[in-house]
Amino acid sequence: MTSKQRVQEIINRIKVIVGLHLRNLTSYLLFLWIVVGKSKPLTLSQKSAIVFAPHQDDETLGCGGAIALKRQQGIPVKVVFMTDGRYGFLDRKETTEVINFRKKEAIIALNALGVADSEIIFLDQIDGTLANSIGESRQNLVEQIVQLLQQTAPGEVYVPHRKDFHADHEATYDLVRTAIAQSGMQIELLQYPIWIFWQNPLSFQLQGRDLDGAYRLSINSVRDRKHQAIETYQSQIPGLSRGFLQRFFSPYELFFKE
Ligand SMILES: [Zn+2]
């Protein structure tokens with residue numbers, strides 16, 4: 001390598017590091033802006049709930065505090081995982097091994113939040129394919145969700161934000177929204193953000209109508225338990241930026257109503 005190439009490599013590394021720090025900062029500032037300036041306080045409802053998570057960890061990151069608070073009060077909470085998470089593993093192991101490993105992590109994390117094994121459901125769709133599900137296969141998936149809603153009759157449902165900046169997350173919102181409409185049931189929908197702040201702030205997509213529905217839930221009393229549940233996901237946590245994770249350890253969770 002020539003000295004010119006070496007200098008260029010150092011410049012590229014600095015660009016990556018500065019870019020990551022900038023993203024950590026803007027992501028946290030956007031979150032703070034909504035928590036402090038744009039959201040209304042949310043009182044924990046006594047309604048039973050189903051949390052729909054695209055991957056094993058979204059439920060704990062986005063709603064771990066809400067789940068723990070509800071379970072502390074004996075309120076029923078079911079958690080449904082949409083995909084098998086097969087592509088989300090740092091050391092690319094054999095597919096079945098990855099799927100089983102992620103399931104085990106999810107069960108341990110949810111047990112820590114007070115959710116029993118019998119309340120955890122895996123729909124086992126292939127990771128990364130939810131948005132491609134069309135026609136009959138999409139309708140089959142929607143019908144599975146409708147059945148779950150009818151069997152459980154939840155008062156409220158938690159889904160990733162409809163603009164969550166990730167195809168599986170936005171597809172989960174669409175599928176669950178469609179299923180609720182087809183069920184004809186009256187269920188309150190709460191959207192939890194995961195990736196929404198993790199983008200170029202200039203292309204940040206939350207506008208007036210979205211922000212009007214922003215609520216913050218204080219989870220201070222169960223923060224340690226949420227932290228413990230997040231740490232369970234050792235196949236995921238080391239691969240996520242500390243800046244990205246920072247807001248999930250905050251004393252508030254954000255939810256968006258429609
Ligand atoms: Zn996810």
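Which residues line the largest cavity? I started there, after a word on ground rules.

**Ground rules.** This is a predicted model, so I kept local features to pLDDT of at least 70 and side-chain atom pairs to pLDDT 80 or more, while totals for chains, interfaces and linings use all residues. Residues are numbered from 1 along each chain as its sequence is written, and side-chain values use heavy atoms, with hydrogens and water left out.

**Cavity.** I found 1 cavity of 30 Å³ or more in the structure. My search ran on a 1 Å grid over the protein atoms alone: a cavity is a set of points where a 1.4 Å probe fits but cannot get out, a pocket is an open set with protein on both sides within 12 Å along at least five of seven lines, and lining residues have an atom within 4 Å of a point. Grid points are joined across faces, edges and corners, and a volume is the space filled by probe spheres set on the points. The largest cavity comes to about 70 Å³. Its lining consists of Phe31, Leu61, Gly62, Pro193, Lys226, Arg247, Phe248, Ser250, Tyr252, Glu253 and Leu254. Two elements, α2 and β8 (252-257), each give two or more residues to that lining, and β8 gives the most, with 3. For elements I used DSSP runs numbered from the N terminus: helices are H or I of at least four residues, strands E of at least two. By class I get 6 nonpolar, 2 polar and 3 charged residues in the cavity lining. Here Ala, Val, Leu, Ile, Met, Phe, Trp, Tyr, Cys and Pro count as nonpolar, Asp, Glu, Lys and Arg as charged, and the others, Gly among them, as polar.

**Pocket.** Next I looked up the largest pocket, which holds about 330 Å³ of space. It has 20 lining residues, and Asp57, Gly88, Arg102, Trp195 and Gln236 lie nearest its centre. The pocket lining splits into 8 nonpolar, 8 polar and 4 charged residues.

**Zinc.** Which protein atoms are donors of the zinc ion? I noted His55 (ND1), Asp58 (OD), Asp58 (OD) and His169 (NE2), at 2.1 to 2.7 Å. Donors are N, O and S atoms within 2.8 Å of the metal (3.2 Å for Na, K and Ca), and water is not among the atoms, so sites may look incomplete. The spacing of the donor residues reads H-x2-D-x110-H. Asp58 in helix α2 (residues 58-72) and His169 in helix α5 (residues 167-183) are 111 residues apart, a link between distant parts of the chain. Asp58 counts as buried at 2% relative accessibility, and His169 does too, at 0%. My cut-offs were under 20% relative accessible area for buried, over 50% for exposed, and partly exposed in between (1.4 Å probe, protein chains only).

Most residues other than glycine have a negative phi. Asp57 is not a glycine, yet I read a positive phi of about 145°. Asp57 sits in the loop between β2 (49-53) and α2 and is buried at 8%. Phe165, also not a glycine, has a positive phi of about 65°. I placed Phe165 in the loop between β5 (156-160) and α5, and at 43% it is partly exposed.

**Tyr233.** Buried or exposed? Tyr233 is buried, with a relative accessible area of 1%, and its place is the loop between α7 (223-232) and α8 (242-246).
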